[in-house]
Amino acid sequence: MTTLLDRLLKIDWLVLDVDGVLTEGHIGYDDHGLEQKSFHVRDGSGMKIWRFAGKQAALLTGRSSRIVEVRARELEVTRVMQGAVDKWESLQSLLKEIGAKPEQICAMGDDVVDLGVMSRCGLAVAVADACPEARSAAQYVTRARGGRGAVREVIELILRAQGHWHGVVEHYMHRTPTGSIES
Ligand SMILES: [Mg+2]
């Protein structure tokens with residue numbers, strides 16, 4: 001039987017749903033009808049740490065908005081897939097392009113539209129306040145709610161399992177210009 005640790009050890013990519021995972025799921029509109037979302041700062045620093053560890057990330061969402069492009073640039077996300085009608089189909093083309101296997105992917109979701117991706121990736125993660133179906137499909141359910149540090153929690157979980165977390169903390173403590181945290 002595949003344990004959670006077996007799964008964690010293989011992960012190189014984070015594939016994140018946006019609404020309800022990187023955000024609390026609220027979608028606001030300004031007077032001009034433009035969407036507004038808010039993000040958690042520690043998910044942001046977690047993503048920097050993830051990239052620092054040599055890992056990749058993609059955003060995969062059924063909706064489309066400019067805010068997501070802006071946030072993706074800030075987070076140095078490798079790939080942004082918006083307006084994905086069939087999320088698994090979109091992810092399959094990414095996998096083909098980068099030559100990665102589903103076992104290397106950790107998929108995070110909060111709703112039934114994420115199930116197709118979650119059920120086919122190496123590690124399925126649901127946020128604490130995900131719908132019951134997503135929580136059942138997940139091998140790991142975060143303690144944090146969506147938009148409240150759930151992504152940071154998963155990054156730390158994976159990097160700890162892979163033995164990289166200590167190196168990251170050391171880097172931030174001493175700011176040594178090592179450029180790598182491989183141990
Ligand atoms: Mg969602």
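Modeller: Buried means under 20% relative accessible area, exposed means over 50%, and partly exposed lies in between (1.4 Å probe, protein chains only). The model is predicted: local features need pLDDT of at least 70, side-chain atom pairs count only at pLDDT 80 or more, and totals for chains, interfaces and linings use all residues. Residues are numbered from 1 along each chain as its sequence is written, and side-chain values use heavy atoms, with hydrogens and water left out.

Colleague: Which residues of strand 1 point one way, and which the other way?

Modeller: Trp-13 and Val-15 point one way, Leu-14 and Leu-16 the other way, and all are buried. In a regular strand the side chains alternate between the two faces of the sheet. Strand 1 is residues 13-16; a strand here is a DSSP run of E with at least two residues, a helix is a run of H or I with at least four, and both are numbered from the N terminus.

Colleague: What makes strand 1 and strand 4 a pair?

Modeller: Two strands pair if DSSP finds at least two bridges between them. Strand 1 and strand 4 have 4 bridges in the parallel sense, so they meet that definition. In this pair, Leu-16 stands opposite Leu-59 in strand 4. Strand 1 is also joined to strand 6 by 4 bridges, and these two run parallel. There, Trp-13 stands opposite Ile-105.

Colleague: Why are strand 5 and strand 8 said to stand at the edges?

Modeller: The open sheet has 6 strands in the order 5-4-1-6-7-8, with parallel pairing. Strand 5 and strand 8 (140-141) each have a single partner strand, so one side of each has no neighbour in the sheet.

Colleague: How do you know which residues coordinate the magnesium ion?

Modeller: A donor is an N, O or S atom within 2.8 Å of the metal (3.2 Å for Na, K and Ca); water is not among the atoms, so a site may look incomplete. Asp-17 (OD), Asp-19 (O) and Asp-110 (OD) coordinate the ion at 2.0 to 2.2 Å. Along the chain these donors follow the spacing D-x1-D-x90-D. Asp-19 is in the loop between strand 1 and strand 2 (28-29), and Asp-110 is in the loop between strand 6 (105-109) and helix 5 (115-118), so the pair ties together parts that are 91 residues apart in sequence. Both Asp-19 and Asp-110 are buried.

Colleague: Why is Lys-55 called buried?

Modeller: Its relative accessibility is 6%, and the limit for buried is under 20%. Lys-55 is found in the loop between helix 2 and strand 4.

Colleague: Which side chains make a polar contact with that of Lys-55?

Modeller: A polar contact is a pair of N or O atoms within 3.5 Å; within protein, one must be able to donate a hydrogen and the other to accept it, and residues adjacent in sequence count only if both atoms are side-chain atoms. The Lys-55 side chain has such a contact of 3.2 Å with Asp-12 and another of 2.7 Å with Gln-162. Contact in general takes heavy atoms within 4.5 Å. Not counting residues up to four places away in sequence, the residues that Lys-55 touches include Ile-11, Trp-50, Leu-159 and His-164.

Colleague: How do you know that the span of helix 2 agrees with its number of residues?

Modeller: The expected span is 1.5 Å times one less than the number of residues. For the 12 residues of helix 2 that should be 16 Å, and the end C-alpha atoms are 17 Å apart, which agrees. Just after helix 2, Gly-54 takes a positive phi of about 85 degrees.

Colleague: What puts the buried residues of helix 3 on the same side?

Modeller: The buried residues of helix 3 (residues 66-74) are Val-68, Arg-71 and Ala-72. They cover an arc of only 105 degrees around the axis, which puts them on the same side; the arc is that of the directions from the helix axis to the C-beta atoms. On the other side, Arg-66 and Arg-73 are exposed. The buried residues pack against helix 2 (41-52), strand 4 (56-60) and strand 5 (79-81).
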